[in-house]
Amino acid sequence: MKFFRCLALASFLAVLGCGSDETIKPTLNYAADWVGEYAGSGSFELSNGSSGADRPITMSIVMVNPKQITVAAELVYGTGRNDFTRETAILEPDGSDQFSAEFRFLKGKTVYSFSKDGDTITGSIVTSTVRPGGTWSRDKSMVGIEVVRE
């Protein structure tokens, strides 16, 4: 029994001694810098071969918490009921004037790349799917996005 007490005490002291004595600096909060409703134009390219330029696009950016935002972008490329493409994700900006983030899900990924100058955001949103053999194919992209805060 005495052996087990000594072993427990030694284990407890070893656990207390583990780890770094240095504190980790918190990351900065950039979410509030991006929040707003935006409208403008952009170009698109779909995997079925459709493409176009200067199409209307809207973006809504909402703060989830001080570090994360929800980006919802919709680009309308035609006059039909289903002639639009939409992307939504929760992202963590790594800067107040530009950021790039990759959102992965199952067999796909979406890359968001934005820069901000005042009330204008420019950038792109590209969605890709992994194919057999490990290659990525571009499914749809919204490029040349230029939207202004409303």
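## Overall fold

Helices (H or I, at least four residues) and strands (E, at least two) are DSSP runs, numbered from the N terminus. By that rule, the pattern along the sequence is α-α-β-β-β-β-β-β-β-β, with two helices and eight strands in the protein.

This is a predicted model, in which local features need pLDDT of at least 70, side-chain atom pairs count only at pLDDT 80 or more, and totals for chains, interfaces and linings use all residues. Residues are numbered from 1 along each chain as its sequence is written, and side-chain values use heavy atoms, with hydrogens and water left out.

## Burial and core

Of the 150 residues in the protein, 29% are buried (under 20% relative accessible area; exposed is over 50%, partly exposed in between; 1.4 Å probe, protein chains only). A nonpolar core is a set of buried Ala, Val, Leu, Ile, Met, Phe, Trp, Tyr and Cys residues joined through side-chain atoms within 4.5 Å. The largest one has 23 residues, and Val71 is among those that touch the most other members. Strand β3 (residues 68-76) gives the most to this core, with four residues.

Leaving out residues up to four places away in sequence, Val71 touches residues including Met59, Ile61, Leu91 and Phe114 (contact means heavy atoms within 4.5 Å).

## Surface

Phe103 lies in strand β5 (residues 98-105). Phe103 counts as partly exposed because its relative accessibility is 31%.
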